[in-house]
Amino acid sequence: MKYFFGVIFCCLLLGSMFTASGRKHKRRGDPKTEVELINGVVNCLRHKDTIDYYYLFPPFDTLWRMVNHNSDHSPEVEKQLAKLRNHPQSLIDFDPFYNHQIMGRFCHVLAKGEDSGINWKGIVIARYELQAEGLTRDLEGLDKIMPERLKGYLFVKDVSGRSEFCITIKEIQKLQGHYFGGQVVNILEASTIDQYLAKEQKEQQYFEWLAKHPVVDTPKVDSTAAAAAADSITAAAEEDGSKIRKEVVDRKYYEGMFDNEIPVKLYVRYMKDLHTGKVSYYDGLYKFGDQKNYVRLDITLTDGKWIMEDDPPVGTQELVLRDKTYTGSWLNNDNGTGYDVLLKQTDLPQKRMEELEKILERRLSGAANQETLPEKTPEETEKKKERKRRRDRRNEGE
């Protein structure tokens, strides 16, 4: 319960501070991407910065102005916005000046994290997984001013303690091309979503048990009994989750060429089956030449050969991985046009990894645009096919 007193102190401090500061919000360079906003939230946690965290959120007067001065005056939009005008509380709840729970949860996460042994100054982002946040009936019409609302899980690593923690986060909002919000809700030591959900359920079971058995004099006995009572439910949750979820355990990034002239970038994820504990699933992205979008890949590994098929299935790569280098070929699935492939593993910056994860998790990939590849004559195509046949025979001989 040590963090409980930290929350109370923090909230009292914030109450006096924001009463004195009034209703005005700072307007700084607002984040233009969700990555920038996530980095802003983490920086606030790292420095226990309640001031900057407060200003990540959209003020009520801004939201109210967007509702009342919306550029779309179609009857349908006006009808939906009228519901927001009749229920301004739904907008007020996004402003921490009025909704004190936002800052209270932030203080709760800070204090609870410290109670769990985290060193906030030493945290770095491991990854995050976001999904669209649905509209409830009382928020109908909100999508007319907020085209995008996200929630999910933020994983941070405590470098000094070598531990990984999962923070639930909600209400990441896109307004007029910028991102706002990022309400942190809870924190638990966990390296996967399934592990977090199991611990959260166990924690909730304990609080429910404690509410029915409020014995102050024997907290040790009570918490032990409650934990034991929740173990079976936790085990069941982990078992159910392992049937349908896979854990990403490694990510690798490659750069190279098709035919020594077309630049190519490749991203591969290794995933573990939580039921067997073995790495048995792969997916990834790649793009070549001047192509704008990454292409999603369906990847299989059989007898040392990596088969990477475009999704949608325009082309297929057949590759062999040796000494962190992929060699092989890319073939057009329709006409057999081929290109030699040479890709070498290279470092993957954190920002690039986050961008690629976003593309995969939110399915933002496109189809391969073959117009960016140079045309091949029939003679060149036949030579490529013959080289592939010789390479296959050589591999079979090995």
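**Salt bridges, cavities and local geometry**

Strand 1 (123-132) and helix 10 each contribute at least two residues to the lining of the largest cavity, where helices (H or I, at least four residues) and strands (E, at least two) are DSSP runs numbered from the N terminus. The structure is a predicted model, in which local features need pLDDT of at least 70 and side-chain atom pairs count only at pLDDT 80 or more, whereas totals for chains, interfaces and linings use all residues. Residues are numbered from 1 along each chain as its sequence is written, and side-chain values use heavy atoms, with hydrogens and water left out.

The protein has 11 helices and 12 strands. Of its 398 residues, 43% count as buried, a class defined by a relative accessible area under 20%, with exposed meaning over 50% and partly exposed in between (1.4 Å probe, protein chains only). Among contacts with a separation of 6 or more, 59% are made by residues 24 or more positions apart, a contact being heavy atoms within 4.5 Å.

A cavity is a set of points, on a 1 Å grid over the protein atoms alone, where a 1.4 Å probe fits but cannot get out, and its lining residues have an atom within 4 Å of a point; grid points are joined across faces, edges and corners, and the volume is the space filled by probe spheres set on the points. The largest cavity is lined by Glu34, Arg127, Tyr128, Glu129, Leu130, Met353, Glu354, Glu357, Lys358, Glu361 and Arg362. Helix 10 gives the most to this lining, with five residues. By residue class, the lining divides into three nonpolar, no polar and eight charged residues, where Ala, Val, Leu, Ile, Met, Phe, Trp, Tyr, Cys and Pro count as nonpolar, Asp, Glu, Lys and Arg as charged, and the others, Gly among them, as polar.

Side chains of opposite charge can pair when their charged atoms come close. A search of the whole structure finds 11 salt bridges, each being a side-chain nitrogen of Lys or Arg within 4 Å of a carboxyl oxygen of Asp or Glu. One of them joins two residues of the cavity lining, Arg127 and Glu129, whose side chains meet at 4.0 Å, N to O. Within this pair, Glu129 is partly exposed, with a relative accessible area of 23%, while Arg127 is buried, at 12%.

Another salt bridge, at 2.9 Å from N to O, is formed by the side chains of Asp283 and Arg269. This pair links distant parts of the chain, with Asp283 in strand 7 (residues 279-288) and Arg269 in strand 6 (residues 262-273), 14 residues apart. Both Asp283 and Arg269 are buried, and the two belong, together with Arg251 and Glu357, to a network of salt bridges. Glu357 is also among the residues that line the largest cavity.

A further salt bridge connects the side chains of Glu355 and Arg352, at 3.9 Å from N to O. Both residues lie in helix 10 (residues 350-361), three residues apart, which is about one turn of the helix. Glu355 is partly exposed, with a relative accessible area of 34%, and Arg352 is likewise partly exposed, at 26%.

Gln183, in strand 4 (residues 178-189), is buried, with a relative accessible area of 5%. The side chain of Gln183 is joined to that of Arg105 by a polar contact of 3.2 Å, that is, a pair of N or O atoms within 3.5 Å of which, within protein, one must be able to donate a hydrogen and the other to accept it, residues adjacent in sequence counting only if both atoms are side-chain atoms. Leaving aside residues up to four places away in sequence, Gln183 touches Tyr53, Phe57, Ile102, Arg105, Thr168, Ile169, Lys170 and Glu171.

The backbone was also examined for its geometry. Most residues other than glycine have a negative phi, and most peptide bonds are trans. Lys48, which is not a glycine, has a positive phi of about 50°; it lies in the loop between helix 2 (34-47) and helix 3 (50-54) and is partly exposed, with a relative accessible area of 43%. Asp259, also not a glycine, has a positive phi of about 55° and is found in the loop between strand 5 (246-258) and strand 6, where Asp259 counts as buried at 14% relative accessibility. A cis peptide bond, with omega of about 5°, joins Asp311 and Pro312, and Pro312 is located in the loop between strand 9 (305-311) and strand 10 (315-322).

How values were computed:
On a 1 Å grid over the protein atoms alone, a cavity is a set of points where a 1.4 Å probe fits but cannot get out, and a pocket is an open set with protein on both sides within 12 Å along at least five of seven lines; lining residues have an atom within 4 Å of a point.
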